[in-house]
Amino acid sequence: MEPIIGKKRAFEATLDLSSRADADDDNDNEPTELKLALLESLHPDLSLNTLLNALLTENGSVASASALLGPVRSMPREVPTTPLAAQTSPSKKPTFGRYQASIANYVGASGLLKSPSKSSTKKGRTLHLYTPESIVANTPCTLVPNFLPPDLADDLLRELLDESPTFTRDKFKLFDKVVTSPHTNAFYVDAEATRTGAYAMNFEDQTQDGSLGKGKQPENKSNEVSHSFYYNGAALPSVRTSTPVMATVSRIVQDRVNAEIQSWTTDHCPGGVKLKHQSPKEWRPNTAFVNCYDGGKESVGYHADQLSYLGPRAIIGSLSLGVEREFRVRRIIPKDLPTRANGSTEKRDKAVDEEHADAQGQMSIHLPHNSLLVMHASMQETFKHSIHPALTVSPHPIALNKRINITYRHYRDSFHPRHIPKCRCGIQCMLKCSMKGQGDNKGRHMWMCHTGYSEDAGKGCGFFEWAVFDEDGEPPWAAGFKGPA
Ligand SMILES: O=C(O)CCC(=O)C(=O)O
Ligand SMILES: [Fe+2]
């Protein structure tokens with residue numbers, strides 16, 4: 001059995017680490033904290049998130065936000081002198097028992113907030129989607145609220161909160177600068193997957209019960225790059241075996257995601273048929289990134305997930321626990337720029353991309369505790385996603401200011417590190433979807449060198465080749481490859 005040895009994860013070079021909050025779009029000069037304080041005094045039983053959302057939806061107008069939120073419950077009381085953001089800072093004792101209002105009370109039949117100007121996204125604007133119906137109608141995602149039995153969700157949350165102090169921050173290169181991700185994470189492989197098959201692990205790294213031990217981060221003992229997971233030019237520094245509750249939940253996620261794939265295909269794919277390059281096989285999660293966001297400032301910028309080990313048309317089951325946060329999505333806008341021979345991108349192009357993307361606006365999905373978001377087969381190729389920084393968070397009784405997110409993933413045997421193409425630097429290529437180029441090349445997948453993204457690497461070798469898949473997304477080296485689609 002060959003070892004899988006972890007390394008470091010990072011994101012694509014399109015990350016936007018800015019913490020620009022939409023509240024900057026306010027149409028007057030009052031600080032947002034003051035407006036929130038006013039709104040809170042008018043609607044004392046609503047959560048800060050609800051108030052903030054209403055304020056953002058109404059472009060910073062307190063009067064319109066208040067009208068949207070419904071009848072005023074009391075006369076305004078004195079505006080607190082402490083900014084509300086500070087009231088939920090980790091140093092302050094959180095107040096529990098605050099009623100978490102459902103914004104669905106304030107939405108129209110479409111699930112969109114009642115506001116005619118919000119029927120579609122606009123430059124710099126955010127369309128808030130508050131119901132599962134509006135989410136699936138506007139994005140390639142399905143939201144399942146109250147997903148797990150409540151005690152199981154709490155057990156999983158407690159288990160991962162215990163692990164979270166050992167999580168690390170990604171470091172990677174962006175526009176020639178080394179950036180650190182504004183949240184922490186760790187990578188897990190299912191114990192079952194580490195015992196057999198393509199993802200079998202080197203048992204030397206494991207303890208007797210088969211786990212790597214809490215927070216244990218073994219050094220990569222092998223330089224055999226073909227057995228490591230590479231993200232943006234560096235191998236992951238550690239691979240952990242999934243915790244017992246993660247594994248139990250993984251099976252529940254598997255069943256639900258497969259059922260959701262079926263309904264989504266029937267309802268949203270032309271002719272009710274799966275997409276070209278989507279795998280027809282059962283989705284079987286065998287790995288997961290677990291993310292931790294400690295307080296509203298922690299976030300992750302816009303990115304599409306790297307496809308190297310997932311293959312094209314990847315599906316991800318993303319479980320949220322603890323503090324509710326905003327998951328923002330925006331469409332990737334293909335542009336008619338000529339593709340460079342080596343598929344490389346430049347700073348100037350990225351800036352143009354960002355400007356172009358911003359012009360389309362974005363959509364916001366609110367992810368409460370114990371909700372499962374299924375990112376369907378067209379998501380990674382057509383949308384970017386992020387966790388937006390929050391001015392305030394409503395503390396969770398177990399997690400306080402933290403949000404834990406588990407992205408369950410199916411790493412496919414035919415995309416195992418030992419199989420995928422290597423570049424001239426000698427490391428595995430990254431699989432990406434091209435959004436540039438002309439005609440048929442737009443939306444094609446490509447294998448490319450990602451050394452240039454690594455914290456300590458040079459420019460990379462510029463290796464690039466178009467990826468070839470059959471109808472089911474299998475590469476030419478896979479058993480049963482049926483020929484180019
Ligand atoms: O925290 C989340 O919901 C998203 C995390 C994410 O995008 C990722 O792990 O790639
Ligand atoms: Fe992601």
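Modeller: The shell around ligand 1 divides into 4 nonpolar, 5 polar and 1 charged residue. Here Ala, Val, Leu, Ile, Met, Phe, Trp, Tyr, Cys and Pro count as nonpolar, Asp, Glu, Lys and Arg as charged, and the others, Gly among them, as polar. This is a predicted model, in which local features need pLDDT of at least 70 and side-chain atom pairs count only at pLDDT 80 or more, while totals for chains, interfaces and linings use all residues. Residues are numbered from 1 along each chain as its sequence is written, and chains are lettered from A and ligands numbered from 1 in the order in which they are written.

The residues of the shell are Phe 289, Asn 291, Val 300, Asp 305, Ser 318, Phe 327, His 385, Ile 387, Asn 405 and Thr 407; a residue belongs here if its C-beta atom, placed from the backbone, lies within 6 Å of the ligand. Strand 9, strand 15 (383-387) and strand 16 are the elements that give two or more residues to this shell. Helices (H or I, at least four residues) and strands (E, at least two) are DSSP runs, numbered from the N terminus. In total the chain has 10 helices and 19 strands.

Two of these strands lead on to helix 6. The buried residues of helix 6 pack against strand 9 (287-294) and strand 16 (402-409), and also against helix 8 (244-268) and strand 11 (316-322). Contact between two residues means that their C-beta atoms, placed from the backbone, lie within 7 Å. A residue is buried if 20 or more other C-beta atoms lie within 10 Å of its own, exposed if 12 or fewer, and partly exposed in between. In helix 6 the buried residues are Ala 153, Leu 156, Leu 157 and Leu 160. Seen down the helix axis, they fall within an arc of 100 degrees, so they line one face of helix 6; the arc is that of the directions from the helix axis to the C-beta atoms. An α-helix has 3.6 residues a turn, so residues three or four places apart point the same way. The face of helix 6 turned away from the buried side carries the exposed residues Asp 151 and Asp 162. Helix 6 has 14 residues (150-163) and should span 20 Å at 1.5 Å a residue, which agrees with the 20 Å between its end C-alpha atoms. The expected span is 1.5 Å times one less than the number of residues.

Helix 8 is one of the partners of helix 6. The 25 residues of helix 8 should span 36 Å, and its end C-alpha atoms are 35 Å apart, which agrees. Its buried residues are Met 246, Val 249, Ser 250, Val 253, Val 257, Glu 260, Ile 261 and Trp 264. Two of them, Val 257 and Ile 261, are in contact with Ile 315. Leaving aside neighbours within four places in sequence, Ile 315 also contacts Trp 283, Val 374, Met 375, His 376 and Ala 377.

Ile 315 belongs to the largest nonpolar core, which has 96 residues. Such a core is a set of buried Ala, Val, Leu, Ile, Met, Phe, Trp, Tyr and Cys residues joined through C-beta atoms within 7 Å. Along with Ile 315, the members that touch the most others are Cys 141, Ile 365, Leu 373 and Cys 429. Buried residues make up 46% of the 485 residues in the chain. Of the contacts between residues at least 6 apart in sequence, 78% join residues at least 24 apart.

The phi of His 277 is near 75 degrees, a positive value in a residue other than glycine, and His 277 is partly exposed, with 19 other C-beta atoms within 10 Å. Pro 389 lies in the loop between strand 15 and strand 16 and is buried, with 21 other C-beta atoms within 10 Å. The loop between strand 16 and strand 17 (430-433) contains Ile 427, which counts as buried with 24 C-beta neighbours inside 10 Å. Ile 427 and Pro 417 are 10 residues apart in sequence, and their C-alpha atoms are 9.5 Å apart.
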